[in-house]
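I opened my notebook on this protein today. These are the things I looked up, in the order I went through them.

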Amino acid sequence: MSPQQIQYVRLLELPAMEMDDRVKQELEENPALEEGLDISRDEEGDENTFDTEEPEISGANEADLSLGDYLTEDDIPDYKLAQISSQAERKEEIPFSTGPSLHEHLEEQLGLQNLSEQQQRIGEYIIGNIDDDGYLRRDIEAITDDLIFRAGESVSEAAVRSVLSVIQDFDPIGVAARNLRECLLLQLEHKSRTPETEYAIGILKNHFDAFVRKHYEKIQKAMNLDEDSLKRIFHEITSLNPKPGNSWNSGTDTRLNQIIPDFVVEENNGELTLSMNRRSVPDLHISPEYTAMFQDYMGNKANRSGQMKEAVQFVKQKLDSAQWFIDALRQRYETLQRTMQTIILLQRDFFLSGDESKLHPMILKDVAEHSGYDISTISRVSNSKYVQTNFGVYPLKFFFSESTQNESGEEISTREVRQIMRETVDAEDKHKPVTDEELTALLKKKGYLIARRTVAKYREQMNIPVARLRKEL
């Protein structure tokens, strides 16, 4: 693919929130791109004309300097999202409250510490590498190398470790851990010391593998514990948060702070209306000043110096880049719109009722065939995008599921099968969890003819551990 095609694909993958940042970045980096409607076009009418003679720049390919995109009124386009209905046009922005992210929360705490300027920069870099779960999944050595070679900081691994220890004391407790063991230990070390916490720390430090594999007898024997004591100690550990970053973003209100729907689908008297979120793509146009500057350069052949030739090349590049970005946004909008329209068509029953049982089996290929796009395009559109409905906010991936057959030969969504599996596991006796074989037999009794290996695949996709790892004392 060409560089422009690659950038378009990347734009297509961005959700609303990140698209907002991408547009701001482009506006900052390209002075030939401006936000808002192009008022100069309305004032000048159709008077825009351009010198069609190409500049003489030594060493440049004439084709690269063609003015083909700048010959008519359309050459200084404004980009404005067209809404699908007059009702949707009144939605300038979907209202969602905003709150600080995990990284902002950590940076705020960093600013309260008594650190040197270098330690502050190290801390900011460490925080920037913390993922949404709250983990620092990079080696100290790698972070030190980055600071030395990329940021130009003369630091040692000891200095990075020192700042990391400060951050690991921040709220939420357990943040910036490099693995699960360290995360749990950080939380235990912040708790009041009791016999249970002391034993829990000992288990995590000396018997972690046995702990994660739930080899209770091995731990009990090694630490000379009775069953009741072991239960209390395990309860101490399992009450900890294995993903401290999630605790910052897991509440409903906080999740909404982080999610800006790309689409809105409303049901009114049996009619469905689709609109796009305008927040992430404002009106954009090419700068009239840069266009006029280009015309001046083009018309000043007599006094064209080497410096002016470089200026012509620079302005032309910025104008081309602005034109491409506007066209790419328009194409992105059209692709997202047609894809969402297809999903609504195929899942109309759900959008009318909000009843999950009315979701039909639907895979990427189905949407691709109805919309006319490639499967890869549908995959990119569906990734990290959300739709607001009368019944809640859903990721687009929610609407996709494979199909299977019941004993009557009817095609049904695998969502039904997964729901039965989830309900069965939730209700199981944790002292004797349901095995894959037992799940398969249960589904067969309910009329779902599914192989055990398929049941295992669905279980793994739902992040449900095998029966042995679900066993409790």
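**Entry 1: around L33**

I began at L33 and listed its contacts, leaving out residues up to four places away in sequence: L33 touches E26, L27, L284, H285, A322, F325 and I326. I keep in mind that this is a predicted model. I placed L33 in strand β1, which covers residues 33-35. Is L33 buried or exposed? L33 has a relative accessible area of 4%. Buried means under 20%, so L33 is buried. L33 and L284 lie 251 residues apart in sequence. Their C-alpha atoms are 7.0 Å apart in space.

**Entry 2: the whole chain**

I stepped back to the protein as a whole. I noted 24 helices and 9 strands. The protein has 473 residues, and 43% of them count as buried. I also looked at contacts between residues at least 6 apart in sequence. Of these, 68% join residues at least 24 apart.

**Entry 3: α21 against α23**

Next I took up a helix pair. Helix α21 spans residues 414-427, and helix α23 spans residues 452-461. I found that their axes come within 10 Å and cross at roughly 75°. Angles from 65 to 115 degrees count as roughly perpendicular, and α21 and α23 are therefore roughly perpendicular to each other. Which residues in α21 meet α23? I wrote down T414, V417, R418 and M421. On the α23 side I have V455, Y458, R459 and Q461. By class, I sorted the residues of this contact into 4 nonpolar, 2 polar and 2 charged.

**Entry 4: the second largest pocket**

I counted 14 lining residues. Those nearest the pocket centre are F400, S401, T414, R415 and R418. Which element gives the largest share of the lining? I found that α21 does, with 4 residues. T414 and R418 are also in the contact of α21 with α23.

I then went through the backbone. Most residues other than glycine have a negative phi, and most peptide bonds are trans.

- The peptide bond from D171 to P172 is cis, with omega near 0°. I located P172 in the loop between α8 (157-167) and α9 (180-189).
- S384 has a positive phi, near 65°. I found S384 in the loop between α20 (375-382) and β6 (386-389). At 35% relative accessibility, S384 counts as partly exposed.
- N463 also has a positive phi, near 60°. N463 sits in the loop between α23 and α24 (467-470). N463 counts as exposed, at 69% relative accessibility.

**Entry 5: D355**

My last stop was D355. Where does D355 lie? I found D355 in the loop between α18 (348-353) and α19 (364-371). D355 has a relative accessible area of 32% and is partly exposed.

Methods: Residues numbered from 1 in each chain as written. Predicted model: local features only at pLDDT ≥ 70, side-chain atom pairs only at ≥ 80, totals over all residues. Heavy atoms only, no water. Axes fitted to C-alpha atoms, helices over the stretch in contact; angles between N-to-C directions. Helix = DSSP H or I, 4+ residues; strand = E, 2+ residues; numbered from the N terminus. Parallel < 35°, antiparallel > 145°, perpendicular 65-115°, else oblique. Contact = heavy atoms within 4.5 Å. Nonpolar A, V, L, I, M, F, W, Y, C, P; charged D, E, K, R; others polar. 1 Å grid on protein atoms, 1.4 Å probe; cavity = no way out; pocket = protein on both sides within 12 Å on 5 of 7 lines; lining within 4 Å. Buried < 20%, exposed > 50% of the residue type's maximum accessible area, 1.4 Å probe, protein only.
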